[in-house]
Amino acid sequence: ADVGRALMGMFSALSFEATTALASYRSALAVHRLHQPPPPVLALRDGDWAAVPARTLCPGDVFSLRAGARVPCDAVLMHGSALIDEASLTGEAVPQPKEGLPHAPPRRT
């Protein structure tokens with residue numbers, strides 16, 4: 001019985017340490033990702049689509065995003081619908097559903 005309690009105590013301690021280490025790793029990874037520049041964005045430049053650094057986006061730019069894309073800017077969704085993670089802009093913890101503008105100009109390809 002004493003051996004069982006000792007083993008249970010060791011298991012509990014190891015479980016706690018493993019959980020703490022995993023949480024610390026995930027936190028460190030999240031902080032590391034915050035310091036990484038976002039990947040290039042596909043933006044309409046002079047009538048052509050071009051991959052540009054997100055930091056070069058300006059008000060009025062038209063750009064295209066793929067699922068999972070990360071762009072640190074405010075934007076208007078012109079076409080389609082999406083779940084948008086606005087945590088870095090608004091602090092909102094839950095992704096918000098967004099719909100395209102009801103009277104957006106037609107798409108240009």
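**Close-up 1. A salt bridge joins Asp-2 and Arg-5.** In this predicted model, the side chains of Asp-2 and Arg-5 meet with N and O 3.7 Å apart. Both residues belong to helix 1. They lie three residues apart, so about one helical turn separates them. Asp-2 is exposed, and Arg-5 is exposed too. Side chains of opposite charge can pair when their charged atoms come close. A search of the whole structure finds three salt bridges. The other close-ups return to this kind of contact.

**Close-up 2. Val-3, Leu-7 and Met-10 make a nonpolar surface patch.** The patch covers about 320 Å². One of its members, Val-3, sits in helix 1, which runs over residues 2–34. Is Val-3 buried or exposed? Its relative accessibility is 60%, and the cut-off for exposed is over 50%, so Val-3 counts as exposed.

Close-up 3. Strand 1 pairs with strand 2 over five bridges.

**Close-up 4. Strand 1 and strand 2 meet in a hairpin.** How many residues lie between the strands? There are two residues between them. Asp-46 takes a positive phi near 55° in this hairpin. Arg-45 stands opposite Asp-48, a residue of strand 2.

Close-up 5. Look at the partners across the two strands. Phe-63 in strand 3 stands opposite Ala-43. Ser-64 in strand 3 is the bridge partner of Leu-42. Leu-65 belongs to the loop between strand 3 and strand 4. Leu-65 and Leu-42 are 23 residues apart in sequence, yet their C-alpha atoms are 7.0 Å apart in space. Leu-65 counts as partly exposed because its relative accessible area is 47%.

**Close-up 6. Asp-61 and Arg-45 form a salt bridge.** Their closest N and O atoms are 2.9 Å apart. How accessible is each partner? Asp-61 has 24% relative accessibility, so it counts as partly exposed. Arg-45 also has a relative accessible area of 24%, and it is partly exposed as well.

**Close-up 7. Glu-86 and Lys-98 form a salt bridge.** The closest N and O atoms of this pair are 3.2 Å apart. Here too, distant parts of the chain are linked, and the two residues are 12 residues apart. Glu-86 is in the loop between strand 4 (81–84) and helix 2 (87–90). Lys-98 is in strand 5, residues 96–99. Which class does Glu-86 fall into, buried or exposed? Buried means under 20%, and Glu-86 has 19% relative accessibility, so Glu-86 counts as buried. Lys-98 is partly exposed, with a relative accessible area of 30%.

**Close-up 8. The largest pocket holds about 1,800 Å³ of space.** How many residues line the largest pocket? There are 48 of them. Closest to the pocket centre are Phe-63, Leu-65, Ala-75, Val-76 and Leu-77. Several elements give two or more residues to the lining: helix 1, strand 3, strand 4, helix 2 and strand 5. Phe-63 is the strand 3 residue opposite Ala-43. Leu-65 is in the loop between strand 3 and strand 4.

**Close-up 9. Asp-74 sits in the loop between strand 3 and strand 4.** Asp-74 has a relative accessible area of 69%, so Asp-74 is exposed. Asp-74 and Pro-59 are 15 residues apart along the chain. Their C-alpha atoms are separated by 9.0 Å.

Notes:
Residues numbered from 1 in each chain as written. Predicted model: local features only at pLDDT ≥ 70, side-chain atom pairs only at ≥ 80, totals over all residues. Heavy atoms only, no water. Pairing = 2+ DSSP bridges. Helix = DSSP H or I, 4+ residues; strand = E, 2+ residues; numbered from the N terminus. Patch = residues over 30% accessible without salt bridge, like charges linked within 9 Å, V, L, I, M, F, W, Y side chains within 5 Å. Areas by Shrake-Rupley, 256 points an atom, 1.4 Å probe, with all protein chains shown as cover. Salt bridge = Lys/Arg side-chain N within 4 Å of Asp/Glu carboxyl O. Buried < 20%, exposed > 50% of the residue type's maximum accessible area, 1.4 Å probe, protein only. 1 Å grid on protein atoms, 1.4 Å probe; cavity = no way out; pocket = protein on both sides within 12 Å on 5 of 7 lines; lining within 4 Å. Points joined across faces, edges and corners; volume = space filled by probe spheres on them.
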